[in-house]
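Please look over the model shown below together with this briefing, which takes up overall composition, helix packing and a few individual residues.

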Amino acid sequence: MSLWFWTLLLAIALLGWLVAYMLAQRPITNAQQLLQQRRYEDAVMEAMRTGDHFHRAEALKLLGRYEEAIAAYKLSNDPAAREGIALSLAHLGRDLDEARRLMETQIAQHPQIQEFQSLVLAFILLRAGDREPALRLYHDNLELLETRFRDDYTDPDPLLSETLHLFSVLAETNGEEARADSLARQAEKWGWRAR
C-alpha cells in the first residue's frame with residue numbers, strides 16, 4: 001500500500017508541475033494573433049483592451065507610430081521592450097546615443113538571437129553616422145543572418161519583417177543592391193509597413 005501511495009503522490013506532483021509549467025509559458029495573446037494576421041490597428045486596440053503593452057508597442061512600431069510605441073514599451077515588463085525603444089529611437093533618428101546604450105545593455109543582459117541584435121545595433125550605428133562600425137557588425141553577422149532566413153525563418157512573420165528591413169538597409173549601405181532589393185521586397189511581403 002505504501003508503494004501505491006508514493007506512486008500516486010509522485011503522479012500528482014508530476015501532473016501539478018506540468019500544469020504549472022504550461023501556465024508559466026507565455027500564451028499567444030489575441031493581440032499577438034492579430035499581429036500575425038497583419039491587422040496592426042486591431043492589434044493596438046486589442047492590446048489596449050487587455051493591457052498588453054508589449055504587443056501594443058510592437059503593433060505601433062509596425063505602423064510607424066514610433067513615439068506612441070516608445071511610450072507603450074516603457075509600460076511593458078518584457079525584457080525585449082528595451083530593444084523596441086532603441087529601434088524606435090533609431091527609426092526617428094533621435095537620441096541615438098541612448099538607443100545605442102539601450103541596445104548594448106540589451107545584448108549584454110538578454111542575449112537572444114545575437115545576430116539579430118547585432119543587426120539592430122548596426123542599424124543604430126548607421127543612423128548615428130558611424131558607417132564603418134555598422135558595416136563591420138553587419139559583415140560579422142552576415143553569414144548567420146543569411147542562414148537564419150534561409151533555414152530557420154522561412155515562413156512570413158510580420159514580427160520579423162522589421163529585421164528584414166534592417167538587413168536590406170545595411171545590405172544597400174554595403175553596396176549590395178540586388179540583395180537589398182530582394183530583402184526589401186521580402187520585408188514588405190512579410191508585413192513591413194512603417195516608413
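Among contacts in the protein chain between residues at least 6 apart in sequence, what percentage joins residues at least 24 apart? The share is 54%, where contact means heavy atoms within 4.5 Å. This is a predicted model, in which local features need pLDDT of at least 70 and side-chain atom pairs count only at pLDDT 80 or more, while totals for chains, interfaces and linings use all residues. Residues are numbered from 1 along each chain as its sequence is written, and side-chain values use heavy atoms, with hydrogens and water left out.

**Overall composition**

- The protein chain contains 11 helices and 0 strands, where helices (H or I, at least four residues) and strands (E, at least two) are DSSP runs numbered from the N terminus.
- Along the sequence, the pattern of the protein chain therefore reads α-α-α-α-α-α-α-α-α-α-α.
- Of the 195 residues in the protein chain, 44% are buried, with buried meaning under 20% relative accessible area, exposed over 50% and partly exposed in between (1.4 Å probe, protein chains only).
- The protein chain exposes about 11100 Å², of which carbon and sulfur atoms supply 55%; accessible areas come from the Shrake-Rupley method with a 1.4 Å probe, and for residues only the protein chains shown count as cover.

**Helices H8 and H9**

- Helix H8 (residues 114-127) and helix H9 (residues 131-152) have axes that come within 8 Å and cross at roughly 150°, the axes being lines fitted to C-alpha atoms, for helices over the stretch in contact, with angles that run from 0 to 180 degrees between N-to-C directions.
- Because of that angle, H8 is roughly antiparallel to H9; angles under 35 degrees count as roughly parallel, over 145 as roughly antiparallel, 65 to 115 as roughly perpendicular and the rest as oblique.
- H8 passes H9 in a left-handed crossing, a term used if the near helix is turned anticlockwise from the far one by less than a right angle, with right-handed used if clockwise.
- Residues of H8 that meet H9 include Phe116, Leu119, Leu121 and Leu125, and among their counterparts in H9 are Pro133, Leu137, Tyr138 and Phe149.
- By class, the contact of H8 with H9 has 13 nonpolar, 3 polar and 3 charged residues, where Ala, Val, Leu, Ile, Met, Phe, Trp, Tyr, Cys and Pro count as nonpolar, Asp, Glu, Lys and Arg as charged, and the others, Gly among them, as polar.

**Helices H6 and H7**

- The axes of H6 and H7 come within 8 Å and cross at roughly 155°, which means that H6 is roughly antiparallel to H7.
- H6 passes H7 in a left-handed crossing, and the contact involves residues including Arg82, Ile85 and Leu89 of H6 and Leu96, Leu102 and Gln106 of H7.
- The residues of the contact of H6 with H7 divide into 8 nonpolar, 3 polar and 3 charged.

**Val120 in H8**

- Val120 is located in helix H8 and counts as buried because its relative accessibility is 3%.
- Leaving aside neighbours within four places in sequence, Val120 is in contact with Glu83, Leu87, Met103 and Leu166.
- The C-alpha atoms of Val120 and Ala134, which are 14 residues apart along the chain, are separated by 9.6 Å.

**Loop residues with positive phi**

- Arg38, in the loop between helix H2 (30-36) and helix H3 (40-50), has a phi near 65°, a positive value in a residue other than glycine, and at 35% relative accessibility Arg38 counts as partly exposed.
- Asp95, in the loop between helix H6 (81-92) and helix H7 (96-109), has a positive phi of about 50° although it is not a glycine, and at 43% relative accessibility Asp95 counts as partly exposed.
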